[in-house]
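Please read it beside the sequence and the coordinates.

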There are 2 protein chains.
Amino acid sequence: MPEIKFQPGPLDLETKGIGAAPAGMAIDAVGQLGWSVLAEDVSLPVAVLRDARIEHNLQWMQTFIERYGVSLAPHGKTTMSPALFRRQIEHGAWGITLATAPQVNAAYRHGVRRVLMANQLVGRGNMAIIADLQRDDTFSFCCCVDSADNVDALGRFFAERGQRLRVLLEYGVAGGRTGVRDEAQELAVREEIARWPQSLSLVGVEVYEGVLKEEAAIRTFLRKVVARTTTIAAAGEFAEPRVLLSGAGSAWFDVVAEEFAGQDVGMPLDVVLRPGCYLTHDVGIYREAETRIQAENPVAREIGRSLLPALQVWANVQSLPEPGRAIIALGKRDAAFDAGLPIPSLHYRPGDAAPVAAPETWAVTAMMDQHAFMSIPHDAPLRVGDMIAFDISHPCLTFDKWRQLLTVDEAYRVTGAVATFF
Amino acid sequence: MPEIKFQPGPLDLETKGIGAAPAGMAIDAVGQLGWSVLAEDVSLPVAVLRDARIEHNLQWMQTFIERYGVSLAPHGKTTMSPALFRRQIEHGAWGITLATAPQVNAAYRHGVRRVLMANQLVGRGNMAIIADLQRDDTFSFCCCVDSADNVDALGRFFAERGQRLRVLLEYGVAGGRTGVRDEAQELAVREEIARWPQSLSLVGVEVYEGVLKEEAAIRTFLRKVVARTTTIAAAGEFAEPRVLLSGAGSAWFDVVAEEFAGQDVGMPLDVVLRPGCYLTHDVGIYREAETRIQAENPVAREIGRSLLPALQVWANVQSLPEPGRAIIALGKRDAAFDAGLPIPSLHYRPGDAAPVAAPETWAVTAMMDQHAFMSIPHDAPLRVGDMIAFDISHPCLTFDKWRQLLTVDEAYRVTGAVATFF
């Protein structure tokens, strides 16, 4: 992919998690303001990305991908931050995966020119977005199909526009999400694609294995998909010289790499993996996944160091109204709460030399829109106004609560800011 | 409050839920584009506000408040939309309630000049935001205090700035959220306030009764708070000629009105209620609350008609991969999922004359970041590409997933758009 032409916009002064700044300043000048989270230059709660850990994770995944000889199209829905997309592309990403037409539009407007939409393109409003972007010849796009009705609608729409849409056949699993379940459904989709030779091109096969929870079932599924890809290739139905075969969320990308890399499907094969959460990692669902990867995957073991959690949300102790209970100024609007509540990581009292580890006895027990309830021992050394850094589980649903996040060094001095486009 | 000077900004073309529009157009010109949701002019999912119902709800609450002779400071955290704040103020609101300093900043920048922050002001970054706004003499602000430590920090900070901060003593309940629990804590806060006569003014008492779930307990609590207000008034500790007494979330505002309105606390009294969700209402937690209000409150019964759900999210059927299962292009990033999942309300097939009611047998059973799983009968008349309008539970956590919402007439023709500032 050509270098991303990233145009940083102005710093948004009407949102949360920032300090004092002159009107109209560019977001990429934030690092020059000298803000420090620990010096209370910034309004809490604030979401921070730890520079060194982001860089570590980028390098980790680049090494992993290179070792398997596969391509990486990180799922951009996680961060929806073009400044981070740029860093992913600088670290070897082939393109960016996205989930919806508006996400594709936002990425395109910030310079991304190769997109795999790992989803069906449904509705004329969304088709129109993609058709408008495809008027740019430098823009490469493909999306998934899993039903003849959708293929018919796409074939008709893009024929009307005089355009060609590149599609991936999506394979799914019984009891799962999208994707054809069996060969009968597959055939119906292939036949419908064949009815639109001027406007549709079948360029590959796509899966999302993450709806399965057992490794053996995932491997069986992936092998079936390789076999079906081989069959479709033998039938001569792929419209381009190379076949695209794509899978992998953030939990099973190692297994997908093992199963897809280097397979012989009878045509030149491009394997594209799509993990998105590796960039920031977490201390919840993805740390759990990482533990398995480190235990099982030989390449991950050789790389040695694991991914590091890089996204935190700092918040103040707002009230200590009863023994054993701290009210934190951190709510459901500031951090994901659907796959584990935020976990206290560091405790800092303004003026102290440095943060200290938060005791494991501190635990968030519930959250409201703008508050968290944290249980603490009766003698916990907490004061109203103290600062706590929370690690999180589920980066996707944390990023979308912030229009800007700050990047910080290991002393929580602010090195920059990145905007999101949800 | 003086008329809100609302400055509509440009339409955001990098977010979701919009149609095709020229670059740089003002958001308040959207109604002239002729978009129709049903004609698929708009990318789905889209969040829509039904004009007629919003107007109905605004009038309902204005009537309610006038009948009790109390003031309304709607909680702006619900929508964080200055265009909606303006309509609330045009319908008699005394000011806007907000939860955090960045929210206050966003509201101020869009013209709001009277704010009750129903929360503690904690952390120097947040205090700095408020101090900067208070340099404008036309800006009226107050916030809550519930600890001597916080009062000390506020007294010191605002003394350094040569400013005065107006504070409300917050009363809470055992096992609840913020707020002093008893007279000993209350006295500690009052004594600390008295230490900062140049920089702090005690101007009233505040409660959030919504952490209690039983009406009898709420009434007991509210009566205690009236008694404590009377005691503090008798002690001469309120710094202004009128005392502000504020309570009420969106579930118990009728009970708070009954208990607070017209009370004799020994000084002129301004009762300020703070419901926020009445504006859009919902079909979940607030419909439930409304049922009780309609059954019990004599003024609500006299008004007759109840609040109406005015916020919907339209989404496409993305895939029908198995009998009984529809995958909807609607995720946790598009609608609240913490207090009931979205409820299918209308079904529309593009080209049909009008939407029809969705059968009660259709139900969202789970959601992922960008998808919903909807269970349907095996013979449900659904096709990929069909549109479904979902009613929602919990407007606050739906609004914050949208940077813009469209306003629509009862035929879902787009009449305008409103921006949010989270």
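1. Chain A exposes about 14500 Å², of which carbon and sulfur atoms supply 50%; accessible areas come from the Shrake-Rupley method with a 1.4 Å probe, and for residues only the protein chains shown count as cover. This is a predicted model, in which local features need pLDDT of at least 70 and side-chain atom pairs count only at pLDDT 80 or more, whereas totals for chains, interfaces and linings use all residues. Residues are numbered from 1 along each chain as its sequence is written, chains are lettered from A and ligands numbered from 1 in the order in which they are written, and side-chain values use heavy atoms, with hydrogens and water left out.

2. Chain A contains 11 helices and 18 strands (DSSP runs numbered from the N terminus, H or I of at least four residues for helices and E of at least two for strands). Its radius of gyration is 23 Å, close to the 22 Å from the globule rule for 422 residues, so chain A is as compact as a globular protein of that length (taken over C-alpha atoms, the rule being 2.2 Å times the number of residues to the power 0.38).

3. Of the 422 residues in chain A, 65% count as buried (under 20% relative accessible area, with exposed meaning over 50% and partly exposed in between, for a 1.4 Å probe and protein chains only). Arg50(A), in strand 1 (residues 46-50) of chain A, is buried at a relative accessible area of 11%. Leaving aside residues up to four places away in sequence, Arg50(A) touches Ala310(A), Gln312(A), Val408(A), Glu410(A) and Tyr412(A), a contact being heavy atoms within 4.5 Å.

4. Over all chains the structure holds 62 salt bridges (a side-chain nitrogen of Lys or Arg within 4 Å of a carboxyl oxygen of Asp or Glu). One of them joins the side chains of Arg228(A) and Glu186(A) at 2.8 Å, N to O. Arg228(A) lies in helix 7 (residues 215-234) and Glu186(A) in helix 6 (residues 183-194) of chain A, so the pair ties together parts that are 42 residues apart in sequence. Arg228(A) is buried at 13% relative accessible area, and Glu186(A) is buried at 0%.

5. In chain B, Glu186(B) forms a salt bridge with Arg190(B), with the closest N and O atoms 2.7 Å apart. Both residues sit in helix 6 (residues 183-194) of chain B, 4 residues apart, and are thus separated by about one helical turn. Glu186(B) is buried at 0% relative accessibility, as is Arg190(B) at 9%.
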